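Q: Got a model here I'd like to talk through. Can you help me read it?

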Amino acid sequence: MAVTLKDVARLAGTDITSVSNTLRQSPRAAELRPETRERILEAARRLGYRRNAFAASMRTGENKTVAVISSYENLAININAHKVLSGILQEASELKYGIKIYPDRELPKRIDEILGEQIRHVICMSVEQPERLELALLCRMNQLRLAYVSEAAQDEFPAVNIDNYNIAGKVAHCLAEHGHRRIALLCPPHRYHYIVRRHDGFLAG
């Protein structure tokens, strides 16, 4: 039979609210005396208590999962996308969050699925501007927290990116310092923001 908060509270000699706050690392747990928190944690360890994350999400209305939206094709062939996803996995694990990956097609349907799972945090790895704009609109309408990986911020939603402008400038400047005067940039069409920033940084450098 599963161990309950009531069982832990009984062994620790305290109330269920204090046990709940301590085990889910609520800010209110700081109001308890350190020895009380330690007694609760020791009782939970002795009883083998395991927190039911699904039940918690049903109570709080928030699932400790991050939705990652990306092109499956990009994940399959892009080594940088693999590294980004690995970084997201590592950080989510350290913060005790899970991740769930969704394709960047049929975004209204994807958002319905995310809302159905009570997920509130979204990371967009898609670099296609139409998808990024549509996702911003959908997240705003549904009060979801959204952050982009790469490219530029979209309205109130931030983006995490490398400084393409300064990197390209430093590369060009380094070549010039070594005496090169005929420096070319192999630049694809300016379809994405990061390409434009690298081009501008190269010219400045």
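Predicted model: local features only at pLDDT ≥ 70, side-chain atom pairs only at ≥ 80, totals over all residues.

Q: What does V122 touch?
A: V122 touches A67, I69, L135, C139, L144, R145, L146 and A147, leaving out residues up to four places away in sequence. Contact here means heavy atoms within 4.5 Å.

Q: Which residues have the most contacts inside the largest nonpolar core?
A: I69, I111, I114, V122, L135, C139 and L146, in a core of 17 residues. A nonpolar core is a set of buried Ala, Val, Leu, Ile, Met, Phe, Trp, Tyr and Cys residues joined through side-chain atoms within 4.5 Å; buried is under 20% relative accessible area, exposed over 50%, partly exposed in between (1.4 Å probe, protein chains only).

Q: Which element gives the largest share of this core?
A: α8, with four residues. Helices (H or I, at least four residues) and strands (E, at least two) are DSSP runs, numbered from the N terminus.

Q: Switching to S71: where does it lie?
A: In the loop between β1 (63–70) and α5 (72–77). S71 is buried, at 17% relative accessible area.

Q: OK, α9. Which residues are buried there?
A: N164, A168, G169 and A172. Seen down the axis of α9, the buried residues fall within an arc of 125 degrees (directions from the helix axis to the C-beta atoms), so they line one face of the helix.

Q: Which exposed residues does the face turned away carry?
A: K170 and E177.

How values were computed
Residues numbered from 1 in each chain as written. Heavy atoms only, no water.
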